[in-house]
Amino acid sequence: MSPPSRVLRLAALVALSAACTRPQTAPPPEPPPPDAPVLPDAPIRHAAGELLDLTVPLLAGPALPLPSLRGRVVVLELTSAALPSWPASFALYNDLLREHGAARLAVVVVALDHDRSILSPEPDLRLHGFELGWDPQGALAARLQLAALPTALVLGRDGRIVHVAGGPAPEASRGLADAVRAALGP
């Protein structure tokens with residue numbers, strides 16, 4: 001074999017081995033613990049800017065068409081009374097209603113629980129403008145393609161989504177309150 005062919009053969013062998021060698025990387029991340037919550041990329045299939053035209057089943061009384069609330073900013077939360085955030089959300093929404101009034105803001109919390117008896121606090125703990133919905137079959141949740149609990153949406157006065165927050169993050173409450181204030185304006 002001639003020296004140039006040996007050099008070419010050696011160069012080809014070096015190139016081939018370089019192509020087959022993978023660079024060293026860090027070890028793969030540890031898998032999450034089995035009880036860790038799985039948070040989806042998006043809590044619902046709708047996004048900011050979309051018009052939300054739904055009817056919400058209420059716990060007491062007739063269903064509430066969201067278009068009937070146009071002209072007011074609306075907070076719509078789908079949740080469960082079994083979640084630790086249940087009592088805190090009532091306090092947050094009552095505070096927002098005290099700050100802005102029921103003429104400018106409407107709050108609708110929809111419980112997805114099957115057992116009616118666990119849905120408290122009852123009306124005496126909710127301010128005027130705060131409705132409690134109940135969707136034990138999950139029809140509203142299915143229509144929204146809900147992927148995380150709780151999921152809260154802020155709708156502008158025109159019924160369009162201006163903010164979506166999903167999952168049990170502590171900063172979600174602050175972001176929701178900020179989104180309500182921004183949608184209400186001065």
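In the predicted model, the buried residues of helix α2 are W86, S89, F90, L92, Y93, N94, L96, L97 and H100. Residues three or four places apart in an α-helix point the same way, because each turn takes 3.6 residues. Helix α2 itself runs over residues 86–100 and has 15 residues. From the first C-alpha to the last, α2 reaches 21 Å, close to the 21 Å expected at 1.5 Å a residue. G101 follows the helix. The phi of G101 is positive, near 85°.

R126 belongs to the loop between β4 (105–111) and β5 (130–134). The relative accessibility of R126 is 14%, under the 20% cut-off, so this arginine counts as buried. A polar atom of the R126 side chain lies 2.9 Å from the backbone oxygen of F130.

The structure holds one cavity of 30 Å³ or more. The largest cavity contains about 40 Å³ of space. Its lining comprises L52, L66, P67, L69, R70, R72, V74, L155, G156 and G159. By class, six of the lining residues are nonpolar, two are polar and two are charged. Among the residues of this lining are the arginines R70 and R72, as well as the glycines G156 and G159.

Conventions. Residues numbered from 1 in each chain as written. Predicted model: local features only at pLDDT ≥ 70, side-chain atom pairs only at ≥ 80, totals over all residues. Heavy atoms only, no water. Helix = DSSP H or I, 4+ residues; strand = E, 2+ residues; numbered from the N terminus. Expected span 1.5 Å × (residues − 1). Buried < 20%, exposed > 50% of the residue type's maximum accessible area, 1.4 Å probe, protein only. 1 Å grid on protein atoms, 1.4 Å probe; cavity = no way out; pocket = protein on both sides within 12 Å on 5 of 7 lines; lining within 4 Å. Points joined across faces, edges and corners; volume = space filled by probe spheres on them. Nonpolar A, V, L, I, M, F, W, Y, C, P; charged D, E, K, R; others polar. Polar contact = N/O pair within 3.5 Å; in protein donor to acceptor, adjacent residues only side chain to side chain.
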